[in-house]
Amino acid sequence: MSAAVAVVGTGVIGAAWTAGFLAAGLDVVATDPAEGAEARLRASLHDTLDIASELCGRTVAERGSLRFVDSVAEAAAHATFVQESGPERLDLKGALLAEIDAVAPRGVVIASSTSGLEPTALQQFCSIDPGRVIVGHPFDPAHIIPLVEVVPGRSTTGECAEEALAFYRSIGKKPVLVRAEIPGHLTNRLQAALWREAYSLVDRGVATVADIDTAISHGPGLRWAIVGPLTGQHLSGGEGGMRHLLEHLGPPAQKWMDDLGEPQLDDALADKLVAGMHDEMVGIDRTDLVADRDRLLVDIMRLKRSARHLP
């Protein structure tokens, strides 16, 4: 049996991982117990594989091959790397990881796509080699967005973390090492901080949902997509950089932070957000919007790769 990357769970995230792996020239063996899972995966690849291949700079002939199997054991038994993307429930993920741990070759990294579960909790389900279990959290659309959060658990070896980082880099991803286990890892917490204030502003009637989307997507979001929020601050400080900016804007920024809202995401606020989004989406076809988003993401990434001085 030839070696391949195993994808366990082929829903939205697992299917996107599969597209990325195949586009990078890796063979994939995938499994998912849901009825019709293989057909849905292959239909998804029809929509995503071309754009993933474009990002990898590979031709159709250079793509890896896909084999869909009926069991976790068959998928993981000869794997060189395992990406688990099961439902976001500790009991279900734990059961999947225990199955994988029982059959995957010793030393092979087992990465979970979990968006918020802590790796130490996941490792407790694995009795064979818990030190190779780690979080490898992608971002939607995962076949396009290069970020992967690598989060070690208490039992994770340094070699395992480095191997995971190197593997993701080898397929064109931009992994970051999250150095402590906290709920939501790194980027979801940053997003949550922005969402919290956005929800508060809507709740207080300061801005509409559409206003907030416009403010970010046509304002700081453009800069953040190029250099990130902190380097963006540094560049805004001119020759004095971050220190100059903080000396001049630090005191008012502290007042802004102290005044940030603490909304409760109850039914009333949820209704406001849903209604606001409904208003913003009037006359917009969701399928067309997703296609435009994905194409622009690819164009941005291509331009970023051509820049000489971006990190």
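1. A salt bridge is a side-chain nitrogen of Lys or Arg within 4 Å of a carboxyl oxygen of Asp or Glu. Please keep in mind that this is a predicted model. By this rule the count comes to 14 salt bridges.

2. Start with R295 and D299, whose side chains form a salt bridge at 3.7 Å, N to O. Both sit in helix 13 (residues 286–306), and because they are four residues apart, about one helical turn separates them. R295 is partly exposed at 33% relative accessibility, and D299 is partly exposed at 27%. The pair also belongs to a salt-bridge network that includes E54 and R302.

3. Next, look at D203 and K272, joined by a salt bridge of 2.8 Å, N to O. D203 is in helix 7 (residues 187–203) and K272 in helix 12 (residues 267–280), so this pair ties together parts 69 residues apart in sequence.

4. Now find R106 and D129, a salt bridge with its closest N and O atoms 3.6 Å apart. R106 lies in the loop between helix 4 and strand 5 (110–112), while D129 lies in the loop between helix 5 (119–123) and strand 6 (133–138). Which partner is buried? It is D129, with a relative accessible area of 16%; R106 is exposed at 61%.

5. Finally, visit S85, in the loop between strand 4 (79–84) and helix 4 (90–103). S85 counts as buried because its relative accessible area is 11%, under the 20% cut-off. Its side chain makes a polar contact of 2.8 Å with that of S113. Beyond its neighbours within four places in sequence, S85 has contacts that include W17 and K93.

How values were computed: Residues are numbered from 1 along each chain as its sequence is written. This is a predicted model: local features need pLDDT of at least 70, side-chain atom pairs count only at pLDDT 80 or more; totals for chains, interfaces and linings use all residues. Side-chain values use heavy atoms; hydrogens and water are left out. Helices (H or I, at least four residues) and strands (E, at least two) are DSSP runs, numbered from the N terminus. Buried means under 20% relative accessible area, exposed over 50%, partly exposed in between (1.4 Å probe, protein chains only). A polar contact is a pair of N or O atoms within 3.5 Å; within protein, one must be able to donate a hydrogen and the other to accept it, and residues adjacent in sequence count only if both atoms are side-chain atoms. Contact means heavy atoms within 4.5 Å.
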